[in-house]
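Please look over the structure below before reading on. The briefing that follows takes up how its parts meet.

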Amino acid sequence: MSNIHVSATVNGDAVEFLCEPDESLLDSLRDRLALTGSKEGCGTGDCGACSVVLDGRLVCSCLVLGAEADGRTIETIEGVADGDDLHPLQQKFLDHAALQCGICTPGFLVAAKALLERNPDPDETEIRYWLAGNLCRCTGYDKIVRAVMDAAEEMRQ
Amino acid sequence: MNKIDDISGTEYKYVGTRPVRPDGVDKVTGKAQFGADLYAPGMLFAKILRSPHAHARILSVNTDKAEALDGVKAVLTYADLELGDGGHDLEDDMNHVLENVMARGKALYDGHAVAAVAANSASIAKRALKLIDVEYEVLPHVTDIEKAIAPDAPIIHEDMYTQDMDPKPEKPSNVARRMEIGHGDIEAGFEKADFIFERRFRTEAAHQGYIEPHACLANYRSDGHAEIWCCTQGHFMVRSACAALLGMDLSKLRVTASEIGGGFGGKTTVFIEPVALALSRKCGRPVKLVMDRDEVFRASGPTPSSVIDVKIGANKEGVITAGFAELWFQGGAFPGSVIDLGAMCSFACYNLENVKAIGWDVVVNRPKSAAYRAPGAPMAAFAVESALDDLADRIGIDPIDFRLKNAAEEGTIASFGPKFRRIGLKETLEAAKASDHYNSQLGPNQGRGVASGFWFNFGGTTSASIKIELDGTAVVTVGTPDIGGSRASMCQMAAETLGIPYEDVRCIVADTSSLPYSATTEGSRTTHSSGMATVYAAQNAIGVMCSRAAMIWGIPEDAVDWKDGHARPSGANAGDFEPMSLAEIAKKAHETGGPIAGHCEFEAGKVGQSFGTHIADAEIDPETGFTKIVRYTVIQDAGRAIHPSYVEGQYQGGAVQGIGWALNEEYIYGEDGRLQNAGFLDYRMPVCSDVPMIETEIVEVPNTGHPFGVRGVGETPIAPPLGAIGNALSHAIGRRMDTIPMSPPRVLEAVNGG
Amino acid sequence: MRYLAPASVDEAVSALAAEPGKTGILAGGTDLLVQMKTGLIEPDLIVDIKKINDLNAIRRENGGFRIGAGVSGAQMGEHAELARAWPGVVESVNLIGSTQIQGRATAAGNLCNASPAADSVPALIAASAVASVAGPGGTREIAVEDFIAAPGQSVLEKGEIVVSLFLPSRPEHASDAYERFIPRTEMDIAVVGVGISVDTSAEGEVKNARVGIGAVAPTPLLVNEAADAIVGTKLDEEALERCASAAMAACSPINDKRGTIDFRIKVAGALAKRVAKRAYCRARG
């Protein structure tokens, strides 16, 4: 089993790494690139904690091979804030206490950002269904949905 | 100088506000480091081989081929772990913990660890597992309570005889222990009843469902000292357990709690930490071990399944004349299910003259159960709250009025013995009755249910320290991992006590070598116990600051008071000095005697029980049995909400976990004794689109035992939902629901008269 | 294990045909990677077909739609013409997994995974969809209802890959619908899935109908009796009942962690009625 050389763009940076052929993009991001903000909650696409944007599409990085990333563009939670300036979603998650343990938070933020980029004015139902692939066990989702609605409102202004 | 009265009952500047948590930015930017996020130079990856059999004798384990694989650095079996001295502070029987961590002689459940490998990469470790030859003799198994207690059941532990039986049993059985609590004369009570409800209830096991799998990084050094980094609710517990299982001195093991991605009780014991540490000891390299999700389901500690017989009698006036419950909880393959807590919670909400609960601790071929949020309470409350609902209907009384009539209050003797101090159950019931939700109309195919619930709240061994920095800011150090925002609450309480801005206080969770012992974050104890310790440590530091001010002013120490963040002369006689701020005193610390700090080590007591009442509206699809929760309200006594947003968060999160358990979550074992749904796909926790907004109301009946009136709030929210939703569905269907989960096939069967 | 991302169908087919060990075809990867993670399969060669440009597009052909094997559910959902012509197929594909899964999962992959509970398959059956297959021996066309041989097993031979799915053109007053039952609102595998396509006359009479049912038998079924029950009717209550009865009669489900035999049969009947009504309403505009 020889490793594969991959060149990709991650959060705007050109990166190169070697990965095993059956290694997930999630493992590559974490183990090869030290981007541990994406989390593995299940490894089978059921929890969304590893959500990243791959060539503009929201995906579970646990269900993408590292090798597939060659020549592609990836955005992770580490790229959501602009330097020290938090994205409105990040700020609203803090203001609304939309996280308790915080393990699902990176996935929710990446997914919610992808939603608001497509739909700047989602209603509660649209938010809930878009985020249905992101499991949160702490909050009961209430404050997360409110934070997304509030961020959307602020971003529309 | 624990001047509790100085603080309680006043207007607060920081307590009761909603500031951003100190760890918040790290958590929204992906920088927070959880259990699996640490990497060490030279680190190896470990994997665990697990039994595919529910019950099997292990005839041999041959690791030769695995050890010979290129890249494998250590292979571990039970022979590498032996119980030493230690672990005495832990409630669990360490022999059981040892055997659960790595099977000895017999595999007792599907997923039981049998061997482990550390290798240069995870993929090599995975391949090595396949090279380990384990010879099993498969034995008959049992995974169901009622089958396990039947006379012909396969016996799991040949040397286990039911304890606390008179006479002592002659034959071994799967029942580890019997217990009983209560007072009065239930037979006489049932004689006086006009209505009696009697029924058997069943609940299937649920998993805590934390999104972060168990993860650790262990590094055993050649000088016999070691470090563990892990996600746990109690790193002091991890240290005690690992030291016991590896025969180490406590002082030689330093455990650091990572950020923790949920626990809900499931991370109050060890599963993988001793394995990683033993592997590291064997090969002298740091070893990282992370569970896969299927391992979490198969081999961590779900909550017990239960069978509960309940009988309650009431008279026409709506007074409960007697309550009886008999509960069987399976705690997996080892004794120690939370049967006592379940029995104690059964009737905790009510003031009963005649009450009795009998509990049976049953073993089956399932993973050793661990705590899950208010362990034992939800099952007990499901049975009792369902019974009350039925009785209220038959008596013709509003279900909230029925509960109010029988509610426990200050002075009530609990079924488990103690007399309640001031509690807030009645306040939650009254708030429920007055709520908009309770007075709203229901739509077609909808039913409304009400249920109350209780949790004790724990105190226990607790330490905290606080240091005042030269620039006038402060750092609080606690020993209880922050699982849901507790560092924010600590900062608020410290800021309030010291009289400095919230932003000037930082709180960290210290490792086991940096702070005296602190018990685990469990039992809803952290804001109460570590909160008290933080306040006392701050008061301790205030004492030091007052003495420094006295020194500067040249007046006696007891002539200085502390108010609003300033030392002040206590009166005109003390002298005429301008109040000196904390920052001014801090700045001079090195000229006035050295650094300023305070600390507190104590056994936290005076816990305030928390009661809650929930209202659930459920709508069924009569053609498919699908249930939708259309409206849900949580009302609970928080004593005092230090950070109301995180209190609400506990209410909402507990309610949604309860909704999941009530409707869909369950452990499903096949005929072969293997777990059928070891993943989030088929272990169906609520997703975002499954639930409505969860309405909350924080009732505040202060706990007089806490400087700010705090009652723990984390666990009570999961006690009422099974009952509230069961009652809602029973009304929507017109038939009493008695089995959890109330999944679509069960609902449809009930709709069709089954 | 090796990973290959060929640029042409021929290259992919040759590599698959030449590999002596186990092979895995990677389109969306949402089944393949899960099966690899859980140890269900350990391929010696993975062939990623998404770098084959032809397979990533939806094209109009003879009034119908040719959907490349690499096209994700999200792409299908965003294709306005397709969604207008085959709303049932599109909604069935868009029910597979989460938003994240939608970004990757393909209809062709859903078919090739050959699950009895695959969401898209009953809808594709109802739609008379045909899979275009390329292999060492050339190309062939397989009707979707003939594609799945047994649970987890398709009729594909070694070296063969599905290149595209073809959905025929739509006459006027015709439409389709798909609905499934799951215990939650999202993220579950269908306990029962029903796809129905109807073609009606100007007066509103059902001229042709096709009914596909999933998760109630070892393979998804084309249930002609259920279709016959509504043909020639305007979907009156009696016709719907007959359709439901026929659907229920076709079921031979199992008891498993996702549902009981009795439950699945009852729900199949309930869904058949609902889906027929939805398809009919859509057909009538």
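How many residues of chain B are in contact with chain A? In this predicted model, where local features need pLDDT of at least 70, side-chain atom pairs count only at pLDDT 80 or more, and totals for chains, interfaces and linings use all residues, 44 residues of chain B are in contact with 44 residues of chain A. Residues are numbered from 1 along each chain as its sequence is written, while chains are lettered from A and ligands numbered from 1 in the order in which they are written.

**Chain B against chain A**
- Two residues count as in contact if their C-beta atoms, placed from the backbone, lie within 7 Å.
- Helix 18 (644-663) and helix 2 (24-29) of chain B each supply at least two residues of the side that touches chain A, and helix 18 of chain B gives the most, with 8 residues; helices are DSSP runs of H or I with at least four residues, strands are runs of E with at least two, and both are numbered from the N terminus.
- This side of chain B divides into 20 nonpolar, 16 polar and 8 charged residues, where Ala, Val, Leu, Ile, Met, Phe, Trp, Tyr, Cys and Pro count as nonpolar, Asp, Glu, Lys and Arg as charged, and the others, Gly among them, as polar.

**Chain C against chain A**
- Between these chains, 23 residues of chain C are in contact with 25 residues of chain A.
- Helix 2 of chain C provides the largest share of the side of chain C that touches chain A, 4 residues.

**Domains of chain A**
- The assignment, automatic or from a database, gives domain 1 (4-79) and domain 2 (88-156) of chain A.
- Their contact takes 13 residues from domain 1 of chain A and 11 residues from domain 2 of chain A.
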